[in-house]
Amino acid sequence: MKKVIIVLFILGCMLFAEENVFNGLIDNFEDSNITEAPNWWTFGNSEQEVVETGKFNKDPLYKYLGKYYMQITGKTKEYYIGGMGAYLAGDASNDTHLKLYVLGNGPDSGKLTIQLYDDDNGTTELEQDKANNYEPINDDRIEYSMNVTWKGWKVVLLPLPLNGQKSPFKDTNPKVGDNIWNPDHKAGSGGFLHFQFIFLATTKTGDINIGVDNIKLLNLKGGVGKNNEF
Ligand SMILES: [Ca+2]
Ligand SMILES: [Ca+2]
Ligand SMILES: [Ca+2]
Ligand SMILES: [Ca+2]
């Protein structure tokens, strides 16, 4: 009995270390759809489909994928294909990294742009300029793009620009917001408001064929250890 309690206590500490104020999970697609928890909006011509992971049972990362992941496909003649986003409004002020699993299909699998928005005017919503490509009016957007060039699943771990931490994410609206990644709930702020993907081809005329899973923010202040590697 004592052993069980100790194991439970250690498990509890591990969960607690990773999932503090905002539980950090954006989506793992285990509810088998993209319209619940969170309810993703989609735009453009990309196709997003939640599919079973079974065909990857030989992949070393298979055991971390659960039953479902999201497959993204689409074609373009002008780089841009489409995208999807979710409203979260979580307090992410303790989260140091974004982690996600990305499935590639070879050298030109596509380009993935990741955008995170924080609330800088205490409204818990992202005011957008509909006349100007839905650009934020008051809130910051930090952004990072990567070409998916590999085949199979890979863990992508990206430091966030929290408290001056070096990060590949850059503020892409320097005239809007306070240009500081401050996704907390202070002064009525909605914190980490939106998460968004933009799907592109790596060539002007091309396509995208990637998968994503286990999208989460987490706190790695204690370092990337065995317990929180995946
Ligand atoms: Ca999954
Ligand atoms: Ca706002
Ligand atoms: Ca800004
Ligand atoms: Ca900000």
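Leu217 is in contact with Gly24, Ala92, Asp95 and Leu98, leaving aside its neighbours within four places in sequence. Leu217 is found in strand E14. In this predicted model, Leu217 has 27 C-beta neighbours inside 10 Å, so it counts as buried; the cut-off is 20 or more. Asn94 is 123 residues away from Leu217 along the chain. Even so, the C-alpha atoms of Leu217 and Asn94 are separated by 9.2 Å.

Step back to the whole chain. The protein has 230 residues, and 33% of them count as buried. Its secondary structure comes to one helix and 14 strands. Take the contacts between residues at least 6 apart in sequence: 79% of them join residues at least 24 apart.

How far can the model be trusted? The mean pLDDT of the protein is 91, and 87% of its residues reach 70 or more. Residues 12–21 have a pLDDT below 50. Beyond near neighbours in sequence, that stretch has eleven contacts in the model. Where pLDDT is low, the predicted coordinates should not be read in detail.

Now to the strands. Strands of a sheet pair through backbone hydrogen bonds, either parallel or antiparallel. Six strands form an open sheet with antiparallel pairing. Their order is E2-E5-E13-E7-E10-E12. Which strands stand at the edges? They are strand E2 (41–44) and strand E12 (170–171). Each has a single partner strand, so one side of each is left without a neighbour in the sheet. At the E12 end, two bridges join E12 to strand E10 (residues 141–148), and the two run antiparallel. Ile142 has Asp171 in E12 as its bridge partner.

Strand E6 has partners of its own. E6 and E11 pair in the antiparallel sense over nine bridges. Leu100 has Val156 in E11 as its bridge partner. E6 is also joined to E14 by six bridges, again antiparallel. Here Tyr101 has Asp213 in E14 as its bridge partner. Is E6 enclosed or exposed? Eight of its nine residues are buried, so E6 is largely enclosed by the rest of the structure.

Next, the interior. In soluble globular proteins, nonpolar side chains tend to be buried together. The largest nonpolar core here has 42 residues. Val102, Leu112, Phe199, Ile208, Ile210 and Val212 touch the most other members. The elements that give two or more residues to this core are strand E4 (68–76), strand E5 (80–90), strand E6 (97–105), strand E7 (110–118), E10, strand E13 (192–200) and strand E14 (206–218). E13 gives the most, with seven residues.

Turn to His194, which lies in strand E13. His194 is buried, with 23 other C-beta atoms within 10 Å. Not counting residues up to four places away in sequence, His194 touches Gly85, Ala86, Tyr87, Leu88, Tyr117 and Leu126. His194 and Arg141 are 53 residues apart in sequence. In space they are 9.1 Å apart, C-alpha to C-alpha.

Last, the loops. Most residues other than glycine have a negative phi, and most peptide bonds are trans. The peptide bond from Ala37 to Pro38 is cis, with omega near 0 degrees. Pro38 sits in the loop between strand E1 (25–27) and E2. Asn163 has a positive phi, near 50 degrees. Its place is the loop between strand E11 (151–159) and E12. Asn163 is exposed, with 10 other C-beta atoms within 10 Å. Ala187 also has a positive phi, of about 55 degrees, although it is not a glycine. Ala187 lies in the loop between E12 and E13. Is Ala187 buried or exposed? With 8 C-beta neighbours inside 10 Å, Ala187 counts as exposed.

Notes:
Residues numbered from 1 in each chain as written. Chains lettered and ligands numbered in written order. Predicted model: local features only at pLDDT ≥ 70, side-chain atom pairs only at ≥ 80, totals over all residues. Helix = DSSP H or I, 4+ residues; strand = E, 2+ residues; numbered from the N terminus. Buried ≥ 20, exposed ≤ 12 C-beta atoms within 10 Å, placed from the backbone. Contact = placed C-beta atoms within 7 Å. Pairing = 2+ DSSP bridges. Core = buried A, V, L, I, M, F, W, Y, C linked by C-beta atoms within 7 Å. pLDDT = per-residue confidence, 0-100.
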